[in-house]
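Hello,

Here is the structure I promised to pass on. Please have it open while you read; my notes follow below.

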Amino acid sequence: MARLVLLSEGFTGRSYELKAEATSVGRVADNAIEIPEASVSSHHAELRLRGNELMVKDLGSTNGSFINGERITEGVLKPGQILRLGMVEMRLETGTPAAAKSKLPLDQTRVIPQGVKLDELVTQRAPLDLKNTAFSKKSNKATIIFVGAAVLVGVILVGLLIWIASK
C-alpha cells in the first residue's frame, strides 16, 4: 500500500495511506490529508494513485508544489522521491524493497570539511585584563546610598507614627 511519510519538523512520524484514487491535500479540514502549516494553501494539491506512482497536480497554490526540488504544476512522484508542498516535505513509500533502498544521487551529497588542526589553534595571546571586563567587581556606592536613604525614610515614618499616636 502506498503512503506519504511527512519529513518536516513538527510533522515527523506522521504518515498517510493513499487508499482512494484521488486525494486532496491542504491546510483546511475538508481535505483528505490536512497539513496545518501556514506555507500550505487551503487546497494545495490533488494526488491520484496510479500503481506505485502518484500523479501530483498543484491546485494553484501560493507557495508551489515541488518534486525533488523541481517546481511542478503536474508531475509524477515515484517511490522514494520527495514531494514538497509549501515548506512541508514528504516521501512516497510503497513498501517495496526499491523504495526502502533508495539513496540520494551522488551529485546531491555534501563533503564535510575536516576539522581544525591543533597547531592552527595555538596562537600567542595577551593575558586577560580582568579589571576592565564586564565581570570585574563593581562599586558599592549606589547600594550604600540606597540603604542609607531607606533607613532615613524608615526613621521618619516611625517618628511620624509616634507623633500621631501621642496626639
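**What I found**

Strands here are DSSP runs of E with at least two residues, helices are runs of H or I with at least four residues, and both are numbered from the N terminus. Two strands count as paired if DSSP finds at least two bridges between them.

Before going further, a word on the basis: this is a predicted model, in which local features need pLDDT of at least 70 and side-chain atom pairs count only at pLDDT 80 or more, while totals for chains, interfaces and linings use all residues. Residues are numbered from 1 along each chain as its sequence is written, and side-chain values use heavy atoms, with hydrogens and water left out.

**The sheet around that hairpin**

Strand β10 (residues 82-85) pairs with β11 in the antiparallel sense over 4 bridges, and L85 stands opposite V88 in β11. Strand β11 (residues 88-93) is also joined by 4 bridges to strand β1 (residues 3-6), again running antiparallel. There, R3 stands opposite E93, and V5 has R91 as its bridge partner.

What order do the strands of this antiparallel sheet take? The sheet is open and has 6 strands, in the order β2-β1-β11-β10-β7-β8. Its edge strands are β2 (15-17) and β8 (70-72), each pairing on one side only. Neighbouring strands in this sheet are turned by 30° against each other on average, direction ignored; the axes behind that angle are lines fitted to C-alpha atoms, for helices over the stretch in contact, and angles run from 0 to 180 degrees between N-to-C directions.

**The other sheet**

A further open sheet has 5 strands in the order β4-β3-β5-β6-β9, and its pairing is mixed. The edge strands are β4 (33-34) and β9 (74-77), each with pairing on one side only. Strand β3 (residues 22-26) runs antiparallel to strand β5 (residues 45-50), with 4 bridges joining them. Across this pair, A22 stands opposite R48, and the bridge partner of V25 is A45.

On from there, β5 pairs with strand β6 (residues 53-58) in the antiparallel sense over 6 bridges, with E46 opposite K57. β5 and β6 also form a hairpin with 2 residues between them, where G51 in the turn has a positive phi of about 70°.

**Side chains and totals**

The charged end of R84 sits over the ring of F66, 4.0 Å from its centre; this is called when NZ of Lys or CZ of Arg is within 6 Å of the ring centre and within 35 degrees of the ring normal.

The protein has 3 helices and 11 strands, and along the sequence the pattern is β-β-β-β-β-β-β-β-β-β-β-α-α-α. What share of the 167 residues is buried? Buried residues make up 25%, where buried means under 20% relative accessible area (1.4 Å probe, protein chains only). The protein exposes about 12600 Å², with carbon and sulfur atoms supplying 59% of it; these areas come from the Shrake-Rupley method with a 1.4 Å probe. Among contacts (heavy atoms within 4.5 Å) between residues at least 6 apart in sequence, 33% join residues at least 24 apart.

Best wishes

Terms used: Buried means under 20% relative accessible area, exposed over 50%, partly exposed in between (1.4 Å probe, protein chains only).
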